[in-house]
Structure formats: C-alpha cells, structure tokens
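Hi everyone, thanks for coming. Let me put the sequence and the structure on the screen, and then we can walk through some local details together.

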Amino acid sequence: MSNLVSFGYIVPELLLGAMAVILFLLSAMRRRNLLRKTIFPGLAILGLMAALSVLVNRTSGGIFGGDPGCISGCSLFFGLLATDPLADFFRILVISATTICVLISIGSPALPKGRTGEYHGLLLVMCLGMCLLSAANHLLMVYVAMETVSLCSYLLTGWDARKCRSREAGMKYVLFGGVASGVMLFGMSLFYGLFGDLSFQGLHLALQGSGALSGAMGQWAATLSVVFMFAGFGYKIAATPFHMWCPDVYEGAPTPFTALLSVGPKAVGMALILRFFYSIFLFPGSMETVIGASGQIPWLLLIGIVSAVTMTLGNLAALVQNNVKRLLAYSSIAHAGYILMGVTAGGQEGFEAVSLYMAVYLIMNMGAFAVVSLVEKASGSEELQVFRGLGKRAPLVALVMTIFLISLAGLPPTAGFIGKLYLFAALLERGGFWFLMLALVGVTNSVVSLYFYARVLKSMYMEKADTDLPTIPIRNPAAVTATALSFATLFLGLFWQPLATAARWSATLFH
Amino acid sequence: MAESTLLTWITFVPAIGMGFIGLFLMLNPLLKLPKAAMDNLSRVVAVVCSAISLGLVLMLWKEFDPSNTGIQFAHHFVWIRAFNIEYFMGVDGLSITMIMLTGLISFVAIIASLPWGIAKDDDHHFSKRAVPGYMALILLLEAGMFGVFCSLDFFMFYVFWEVMLLPMYFLIGIWGGPRKEYAAIKFFLFTLAGSVLMLLGMIALYFASNPSTLIDGTHCAHTFNLIKLANENDFGTAGNLLGMAFPKVVFIGMFIAFAIKIPMFPFHTWLPDAHVEAPTPISVILAGVLLKMGIYGILRMNFAILPEATLWAQTGMAVFGTINIVYAAFVCMAQTDLKKLIAYSSVSHMGFCLLGMAAFTEQGISGAVYQMWTHGIVSASLFLIAGVIYDRAHHRRIEGFGGLAKQMPEYTALMGLAFMASLGLPGLCGFISEALVFLGAFPVFTTLTVISALGVIITAAYYLWTIQRMFLGPLNEKYAHLPDVNWRERLCLYPLGAMIIVLGFYPMPILDLMNKTLHGLIKPLAQAAGL
C-alpha cells in the first residue's frame with residue numbers, strides 16, 4: 001500500500017505521537033501545581049483513549065463476526081508495517097497497559113514531582129514504539145521500533161534520579177540493551193548480506209529458493225543471524241539466557257513503570273517472535289513444516305528448550321527472593337517461559353494461547369505491581385516484611401493481592417488458570433513426545449511457583465508485623481485500578497468467552 | 001432427564017453466605033458494627049447457610065430415585081462455547097451419598113466452630129480469632145466440596161476441586177496449631193502437584209474424545225462431559241502417549257492426583273501434618289469429606305472413563321490398598337499425639353476403599369463406598385473427640401492423661417463408641433463396610449485380604465492401648481477438674497454417634513442409594529476381568 005493510503009491505518013500511532021508532543025510542549029511552559037497534578041495524566045489518558053477507541057472501532061467488526069479485517073498481505077508503507085488481527089490485538093494490549101500504568105503512576109512517590117509532563121510524554125512515545133513493533137513486518141522497522149521502546153524504557157527506568165538504585169538500574173539497562181540490540185543488528189545485517197532483503201515476506205521467499213544457502217558458509221551465516229536476532233527478541237521478553245538485566249531493572253525502576261515494563265515489551269516481543277518465525281520459516285498454509293535457515297533446523301524445538309529453561313530458572317530464582325518486586329521480576333521471567341510454550345506449540349491453538357495468556361498476564365501482573373506500588377507508597381519499601389499483617393490492616397488490598405497471586409500461580413477460578421489451560425491445551429493437542437515433556441515441565445513449574453506466591457500470602461495473612469506499619473489508603477486511582485483489575489481477573493476466570501473470541505480472532509493471520 | 005436447579009442451590013447457598021459475610025465486611029466502615037456483633041453475624045450466616053444446604057440435601061435424598069441408574073436432578077447449559085465447556089450438575093447413586101456426607105459433615109463442622117462452651121479467657125482459641133474470615137472461608141470450602149460431587153463436566157469438576165485448595169490453605173495456615181504454616185503449604189503443594197497432573201489428563205482426554213453435541217444441540221469437536229466421555233468414547237484405540245498406551249498414561253496421571261488426596265502410600269505424608277495442625281472443625285472436614293474426593297474421583301474418572309487401564313491397574317490398586325491398611329496401622333502404634341494417631345488411622349481406613357474397589361465385585365465396591373460414608377462419620381467424631389480434650393487440657397499427648405474415665409464418663413463413652421466403630425466392632429457401622437470389603441476382595445485377592453484382615457488386629461491394638469493409656473488407671477491429678485462434654489459438643493457428637501449405631505445395624509438407607517449405580521459401573525470391568 002502506498003504511503004498516503006497507509007496513513008489511514010496508523011491513526012492510533014499518530015494520535016499517540018501528537019499527544020506526546022503536546023505533553024512535551026506543555027511541560028516546557030511555566031508550571032502550575034494544579035496543572036502538573038491533574039492535566040498531564042489527564043491528557044495522557046485522553047491520548048491513549050483516543051487511540052484505543054480508534055483501534056477498537058476499526059477492529060470490533062473483525063472481532064465479533066463480520067469482516068475479519070485485513071488478513072496478511074495488507075501491508076503498509078510498502079511492507080514496513082502489517083495491519084492484521086495479530087497487530088491490532090497486541091496494539092490494544094499495549095495501549096491498555098500504558099493506560100493502567102498512567103493510572104497507577106498518579107501520586108506515586110517514586111516519580112519526581114517536577115517532571116510529570118516528560119514522564120507521561122515518554123510513556124506515550126514508548127507506547128507508540130510498542131504499537132509499531134507489534135505491527136512490524138520488516139527488519140528495519142523492527143529495529144527502529146525496538147530502539148524507540150528501549151530508549152524510552154532506559155530513561156524511565158532511571159527516572160527516580162534521587163535514588164541510587166534507580167540510576168543504577170537505568171545504567172544497567174542501557175548497557176545490556178545496547179549490547180543486545182547491537183547483536184540483533186548484526187544478525188539482521190547478515191541476513192541482508194545473504195538475501196538482499198529485509199521484509200519478512202521477501203525473506204520467506206528468499207529462504208525457499210536462495211542460492212546463498214547452497215554452501216556450508218551460507219547456511220552457517222543464516223543460522224547464526226537467526227540466533228543473533230533471537231538474542232535481541234529474547235532480551236525484550238526476558239527469556240533465558242538474556243534475562244540477566246530483568247530483576248535489577250525491575251527492582252530499580254519506579255514501581256508503576258515496572259508494571260508496564262513487565263508487560264508491554266514482553267507482549268510486543270512475543271508478537272514479534274510469532275510473526276518473525278511463522279512468516280519467515282513456514283511454508284504458507286502449512287503449520288507442520290518449518291524450514292530452517294539451513295534446511296532442517298528445528299527452530300520450534302529450540303524455542304521449546306528456551307521456554308523450559310526460562311520458566312525453570314525464573315521460578316527457582318524466585319523461591320529465595322525477599323523483595324516482592326524482585327520476586328515478581330523472576331516470576332515475570334517464568335511467565336515468559338510459559339508463554340513461549342504457546343509459541344512452540346504454534347498453530348491456531350498456540351497463537352490463540354499466546355494472545356490470551358498475554359492479555360491475562362497483563363491484567364494480573366499489572367495488578368500485582370499496582371498493589372506493590374500502593375504498599376510501597378504507604379510504607380516506603382517493597383520488602384516482603386512490609387507485607388506482614390496486611391490482611392489485618394488493609395483487608396481489601398490484601399484480598400486484591402491474593403487474587404492476583406493465585407492467578408499468577410494459575411489456580412482457578414482466576415484468569416491465570418484459563419491462560420495456563422490454553423497453553424497446555426495447545427501443547428497437548430500437538431501430541432508428540434517433546435510437546436508432552438514441555439507440558440510436564442510447565443505443570444511442575446506451576447507447582448514450584450505456588451511456593452513463592454504463597455510466601456507472599458503467608459506474609460500477608462499469617463505473620464505479624466514486627467513494627468507498626470501504616471494502613472494503606474484505598475481512595476486513590478491506583479487502588480481503584482487494582483481493584484478493577486482483580487475483578488477482571490476473577491471475571492475472566494469464570495467467563496472468558498469474549499477474550500477467547502478475541503484471541504482466536506488475533507490468530508486468524510495463521511489460519 | 002428432568003432439569004432441576006436443586007443441586008445448584010445446594011452448591012451455591014454457602015457461596016452466597018460467603019458473599020454476604022464479605023459484603024458486611026466491606027460495609028463495616030460505614031455500619032461501624034462492633035467486633036462482637038460482626039463475629040456473631042458471620043456465625044449466624046454460616047450456620048444458617050449450611051443448615052439450608054443440609055435441608056436441601058435431605059430434600060434431594062427424599063426425591064432421589066435409587067432404582068434409576070441415570071443422572072438425576074440435572075442442571076445443564078452451555079458455559080464457555082470456545083472450549084465446549086458446559087455447566088452440568090447432576091447426581092447418581094455414587095455422588096448422592098457423598099453429597100449427603102458433605103452436607104452433614106459441613107454442618108457439624110460449623111457447629112463445632114462456635115465458641116459456645118469455650119473458656120472465657122481463652123482468646124486464642126480458633127473460634128474467637130478473625131471470625132468473619134473463618135466463616136467465609138469455611139462456607140467457600142463447603143461450596144467447593146458440593147461442587148466437586150455435583151459436577152458432571154470435567155472442567156467444572158476441576159475448577160471446584162481447585163477452589164477448595166485456597167480456603168483450606170488459609171484455614172490451616174491462619175487458625176491452625178504451632179506448625180500451621182508448614183502444614184498449610186505442604187498440603188497446598190502436594191494437592192496442587194496432583195491436580196496439575198489431573199489437568200494434563202483432563203486436556204488429553206478432551207482432545208482424544210469423539211465429536212459430540214452440546215446440550216443446546218450445537219456440534220462440538222471434543223467434550224468435557226463426563227457421561228459422554230465414559231459412554232461414547234473408547235480411549236483404548238487412542239494410540240500411544242510417551243511410549244505407553246494412551247489410557248494407561250492418562251490413568252496414571254489422574255490416579256496420582258486422586259491418590260494424593262486419598263491419601264495413598266507413598267503420597268500420604270501431607271496428611272498427618274495437615275490434620276494435626278488444623279483446627280478441629282477443619283480436621284473434621286478434611287477427614288470427613290476431602291479424603292473421599294480421591295476415591296470418588298477414581299471411581300468417577302478412572303473407573304468410568306478408562307476401564308481398560310483400570311483393569312490393568314487392578315492388582316496395583318489392591319496392593320497399595322493393603323500397604324495403606326497395614327503400614328498406617330503400624331505407624332499408628334507408634335504415635336504419641338492423639339490427633340496424629342487418628343490421622344494415620346484415616347490413612348489406614350482409606351486403604352479399605354482402595355482394596356474394595358479394586359476387586360471389581362459387587363460387595364467390594366459397595367463396601368468401598370460405604371466405607372467412605374462410615375469413615376466420614378467415624379473420623380469426624382474422632383477428630384471432634386480429640387478437639388474436646390485439646391480444648392480442655394491444651395495438649396494431646398496420649399501419655400499425658402490417664403484415668404479420665406472417672407473424671408469424664410460421658411466423654412469416655414463417646415470416645416469408646418467412636419474407637420470401636422473405627423476398629424470395626426460388629427454392630428457398629430465400621431464393621432459393615434470392612435466386612436463387605438473383605439467379602440468382595442477375598443475371592444479375587446485372597447492373600448492381600450488376609451494380610452489386610454491382620455491389619456485390623458493392629459487397629460484394635462492401637463485403639464485399645466490408647467483407651468488404656470488415656471482413660472484407665474489412676475487419674476492424673478492435673479486433670480481432676482476437667483469438665484465433661486458440653487452442649488455444643490453433644491450437639492455434634494450425639495447425632496454422629498446415633499448414626500454410627502443405626503448404620504451399623506441397618507446400612508440399607510445408604511447401600512440402597514448407591515448399589516444400582518455402582519454395580520452398573522463395575523459390571524463391564526468384572527466381565528472383562530473374567531470374574
């Protein structure tokens with residue numbers, strides 16, 4: 001599609017960008033206290049809602065019957081971006097995640113008061129980057145969008161410059177991120193050298209009939225470049241062995257932003273992995289055959305191994321954490337592993353499971369971080385011991401946290417269980433020995449993970465606080481958001497038909 | 001199959017009660033009720049809701065037609081179309097006995113949770129701590145238990161099965177004894193480890209099932225409907241899984257899940273901890289109802305859906321049943337804590353269920369299910385009895401008492417009755433079930449039955465020895481002022497005691513309910529086994 005026509009399809013991104021510019025300009029003007037407090041978050045939410053409503057308006061016809069929208073082949077800007085259900089689904093997810101992040105940020109002590117305008121502006125730019133990344137259909141676009149997301153996250157991680165930990169986290173993130181994107185870029189350049197193309201469709205065609213792959217050197221180069229690119233993607237979703245940055249960064253970043261960081265980049269990273277592997281390495285119309293760069297490399301099996309290692313490592317490391325933010329960081333690594341199970345399973349079911357789990361994970365994980373942010377605000381720390389006695393002094397907050405934790409552990413009747421059900425169902429439907437083994441590793445991990453989630457429960461309900469800890473105010477946007485998310489978690493655990501329909505729709509690209 | 005919402009009401013009345021308590025907790029900042037008023041309000045809600053459920057269960061009993069082997073009182077509609085999940089509740093002869101047991105035991109447990117008759121200065125007693133939370137959780141637990149026994153959709157069954165975990169975890173972990181946290185997490189992890197295996201088994205069965213139709217007539221590629229899984233599918237032809245026949249793999253996965261709940265050796269180690277640390281009413285529910293879910297699950301899932309694999313596992317089940325009976329009885333001999341002794345005796349008695357049902361004979365399976373009933377009421381009274389002495393003496397060391405018969409004659413009589421019923425004295429209900437199990441198992445597993453019968457002697461030995469140590473001999477002077485049972489305890493213990501005696505002489509009310517269904521269940525198995 002030509003550039004002019006294409007603009008019609010990126011209205012949400014344009015809106016986000018425009019609102020970000022407005023926010024930056026406003027924050028450069030003279031500041032009044034009142035303005036700072038309400039107008040910046042207000043404007044940010046306005047921008048996000050506008051983008052969301054455009055998106056939903058466009059897609060609602062597709063989700064619930066009627067025209068399924070542009071199925072593959074509907075590419076914008078001469079193939080840079082794709083507009084399809086997968087992209088739209090993940091765009092809706094990241095815009096919702098950013099909205100939740102803005103809501104939790106209101107009144108958070110972790111954010112310096114003087115720079116709220118820039119903070120929200122950067123959030124919107126990051127959201128813009130994530131939207132583009134979930135639609136990226138071209139390695140160049142992948143790189144540009146990913147760097148947009150990364151640069152914003154580096155800044156926002158180190159946002160609380162008063163705190164040493166936050167600055168350190170920002171620095172670590174920059175270093176790790178820089179290396180990862182460098183490696184990824186190298187992989188992309190190898191690809192370009194081999195095939196002379198960067199668009200996914202072009203690469204797909206090139207892989208099937210390219211003379212570049214006839215020699216052993218060519219095959220090695222192609223394999224290496226895919227591995228390098230996966231390093232970049234894996235870094236975004238915090239999959240082992242590219243997860244090292246995750247706990248430190250999550251712990252150091254301002255808690256409301258950690259909530260977004262644990263969900264947004266992971267979601268778009270997953271969307272990217274789905275799109276990358278399934279549009280480049282698969283024969284069209286067949287889910288069974290995966291052509292490796294060198295003919296027969298079983299990429300899906302390799303992703304399965306990454307998945308098993310990631311979840312095991314994340315869960316085992318989480319067992320010994322005493323800081324709830326760190327604990328949730330390791331748990332989010334584990335969840336990346338769970339979601340990769342769906343990628344491995346592939347097919348309609350696998351994709352559906354990934355989309356569905358991502359939506360569920362967004363709700364429960366951001367909810368858990370919202371509660372951590374509330375507790376942190378009241379007691380100045382997010383160590384496990386400040387959660388002691390929460391069940392007594394703040395019963396509602398503790399109850400909400402309980403719902404998120406059991407959902408993260410994957411117990412019914414919560415949404416987390418439904419997510420796991422879909423992932424395991426996708427694996428079991430595929431059959432095969434390795435898929436079953438992966439499912440067994442997955443369920444074993446669920447049991448292990450229960451232990452550390454239950455440690456938080458134990459602190460909240462069964463241990464007495466050593467010192468007098470403050471009660472937690474619940475009449476603020478963050479608490480209301482958390483409560484609403486907990487309702488969503490329960491509701492989707494009991495009736496998830498709408499979400500299942502949407503997730504199925506998001507997977508139509510791969511029919 | 002007439003539609004009826006009776007089962008839905010039975011299940012959700014306790015859940016409504018829980019919601020009611022939660023609502024009052026939420027509104028309390030506005031209402032500003034004093035703590036005592038909130039406590040009493042939640043107690044009243046809990047008693048009323050469980051009484052309503054019990055009443056509805058009695059109504060169900062009255063209306064139930066034992067001559068009909070099909071599903072009765074079905075409540076059936078499509079729940080989640082995306083996964084072909086239906087809301088399907090119904091009872092047959094197997095589940096109605098368990099629903100009756102659940103209604104009865106839950107009501108007794110809630111009565112036992114009232115602080116009536118507890119010393120005024122004993123503020124740390126579980127019945128006086130965080131009462132609204134306790135009552136809400138126990139009601140949720142009751143709803144979960146009813147749900148498990150009423151569900152005829154595998155997915156629903158699984159959801160209810162898991163819903164029970166969390167309240168149980170908190171009830172043990174918050175209101176329990178000194179090592180409550182350890183016991184609670186151990187219970188939680190063990191059970192979850194089992195249920196995730198069941199989850200995999202459930203999904204595997206789902207994908208191996210034949211195309212079918214939902215209740216509203218729409219076509220579905222697979223089904224979770226337990227009745228259809230059992231009647232319209234032959235999983236013997238489903239090919240291999242992990243190098244073994246499909247039914248065998250699924251059987252093993254689900255069997256482990258249920259065996260943990262029973263609990264079967266070697267998965268029983270969570271039980272003594274959970275029982276000892278749990279407050280009395282929770283031990284009552286745990287022993288009275290939760291353990292039965294394991295056996296119920298095996299009968300409902302493994303026996304009905306995977307008959308080939310059940311045949312294959314027949315001897316294995318019988319052997320493990322025998323190990324349970326004999327091993328746990330020996331462990332009982334070594335116990336010094338009264339509650340731990342009763343906990344291990346539960347392990348021993350659940351072995352009879354395994355042995356009985358593995359025989360695939362009519363007496364055997366009836367004996368096994370009747371054993372679930374008798375063990376339900378007998379172990380409930382045993383735990384109540386252990387609670388009585390713990391409330392008074394604040395310890396449960398068997399050696400620490402002596403000569404209590406003089407001080408607490410009524411208590412001694414009740415305990416004697418429960419002990420005798422548990423060791424299988426003729427004329428009491430334990431005898432009927434054990435006799436049926438032995439009768440059924442003897443022609444099939446002669447050696448194992450003889451070994452198990454020897455286990456009964458050990459059972460008698462540890463019970464009689466306990467009586468001797470606690471009630472006979474000189475009175476320990478420390479306990480010369482212990483009051484005898486109070487009215488709350490009488491209210492719990494006498495009805496159970498009466499049932500122990502009545503069902504010992506006339507077991508037909510329970511046996512009649514289930515015989516038709518059970519015999520239908522094992523008939524194909526017995527034929528295939530050539531019995």
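Where is B:K32 found? B:K32 is in the loop between α1 (6–31) and α2 (35–63) of chain B; helices here are DSSP runs of H or I with at least four residues, strands are runs of E with at least two, and both are numbered from the N terminus.

Before going on, this is a predicted model, where local features need pLDDT of at least 70, side-chain atom pairs count only at pLDDT 80 or more, and totals for chains, interfaces and linings use all residues. Residues are numbered from 1 along each chain as its sequence is written, chains are lettered from A and ligands numbered from 1 in the order written, and side-chain values use heavy atoms, without hydrogens and water.

Most residues other than glycine have a negative phi, and most peptide bonds are trans. B:K32 has a positive phi, near 55°, and B:F73 in strand β1 (residues 72–80) of chain B has a positive phi of about 55°. B:K32 is exposed, at 64% relative accessibility, while B:F73 is buried, at 14% (buried is under 20% relative accessible area, exposed over 50%, partly exposed in between, with a 1.4 Å probe and protein chains only).

Now for the peptide bonds in chain A. A cis bond joins A:T240 and A:P241, with omega about 0°, and A:P241 lies in the loop between α9 (216–237) and α10 (245–252). Another cis bond joins A:P412 and A:P413, with omega about 5°; the loop between α17 (395–409) and α18 (415–430) holds A:P413.
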